[in-house]
Amino acid sequence: MNQRYGQMTNQELTAEVARLNELAKKAEQKGMVSEFAVHERKKVIAQSYLLNPDDFNPGETYTVGEPGADESSFVISYMNGVFAWGYRDGEASLSAIPIALLTNKT
């Protein structure tokens with residue numbers, strides 16, 4: 001399937017998330033760390049397209065729950081599609097995070 005996530009229906013996105021999850025599990029079982037990471041990142045981006053970007057507000061603080069990492073706080077400066085741009089844990093550099101990783105407003 002060579003369709004962009006932004007052009008897919010919710011049903012197609014849900015199927016893509018399931019497909020990527022299966023590919024990630026197989027890569028993990030085979031010890032293919034890089035391939036696992038690629039599938040996981042694609043899955044997060046596909047999941048972001050299932051969410052409404054309008055539910056995420058600039059100026060608010062969210063918790064970033066990345067798989068396999070410690071949680072950190074993230075303050076949104078602005079939204080660009082399904083990516084929130086802002087600052088993590090008070091860092092000076094601006095970074096982008098897929099909205100599927102943002103949870104639990106604090």
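Below are questions and answers on the predicted model above.

Me: What ground rules apply to the numbering and to the values?
Reply: Residues are numbered from 1 along each chain as its sequence is written, and side-chain values use heavy atoms, with hydrogens and water left out. This is a predicted model, where local features need pLDDT of at least 70, side-chain atom pairs count only at pLDDT 80 or more, and totals for chains, interfaces and linings use all residues.

Me: In what order do the elements of the chain run from the N terminus on?
Reply: Helices (H or I, at least four residues) and strands (E, at least two) are DSSP runs, numbered from the N terminus. The chain has two helices and five strands. Their order is α-α-β-β-β-β-β.

Me: What share of the residues in the chain is buried?
Reply: Buried means under 20% relative accessible area, exposed over 50%, and partly exposed in between (1.4 Å probe, protein chains only). The chain has 106 residues, and the buried share is 27%.

Me: Are helices α1 and α2 roughly parallel or roughly antiparallel?
Reply: Helix α1 covers residues 10-29 and helix α2 covers residues 33-49; their axes lie 8 Å apart at an angle of about 160 degrees. Axes are lines fitted to C-alpha atoms, for helices over the stretch in contact, and angles run from 0 to 180 degrees between N-to-C directions. Angles under 35 degrees count as roughly parallel, over 145 as roughly antiparallel, 65 to 115 as roughly perpendicular and the rest as oblique. So α1 and α2 are roughly antiparallel.

Me: Which residues of α2 meet α1?
Reply: Contact means heavy atoms within 4.5 Å. From α1 come N10, L13, V17, L20, N21, L23, A24, A27 and E28. Their partners in α2 are E35, F36, H39, E40, K42, K43, A46, Q47 and Y49.

Me: How many nonpolar residues are in the contact of α1 with α2?
Reply: Ala, Val, Leu, Ile, Met, Phe, Trp, Tyr, Cys and Pro count as nonpolar, Asp, Glu, Lys and Arg as charged, and the others, Gly among them, as polar. The contact has four polar and five charged residues. The nonpolar count is nine.

Me: How far apart are the closest N and O atoms of E40 and K43?
Reply: Both residues lie in helix α2, three residues apart, or about one turn. E40 is buried at 14% relative accessible area, and K43 is buried at 13%. They form a salt bridge, and the closest N and O atoms are separated by 3.4 Å.

Me: Is V38 buried or partly exposed?
Reply: V38 is placed in helix α2. Its relative accessible area is 44%. That value lies between the cut-offs, so V38 is partly exposed.

Me: How far apart in space are V75 and Y87?
Reply: V75 lies in strand β2, residues 72-80. Leaving aside neighbours within four places in sequence, V75 is in contact with G59, E60, T61, W85, G86 and Y87. V75 and Y87 are 12 residues apart in sequence. From C-alpha to C-alpha, their separation is 5.4 Å.

Note on methods. A salt bridge is a side-chain nitrogen of Lys or Arg within 4 Å of a carboxyl oxygen of Asp or Glu.
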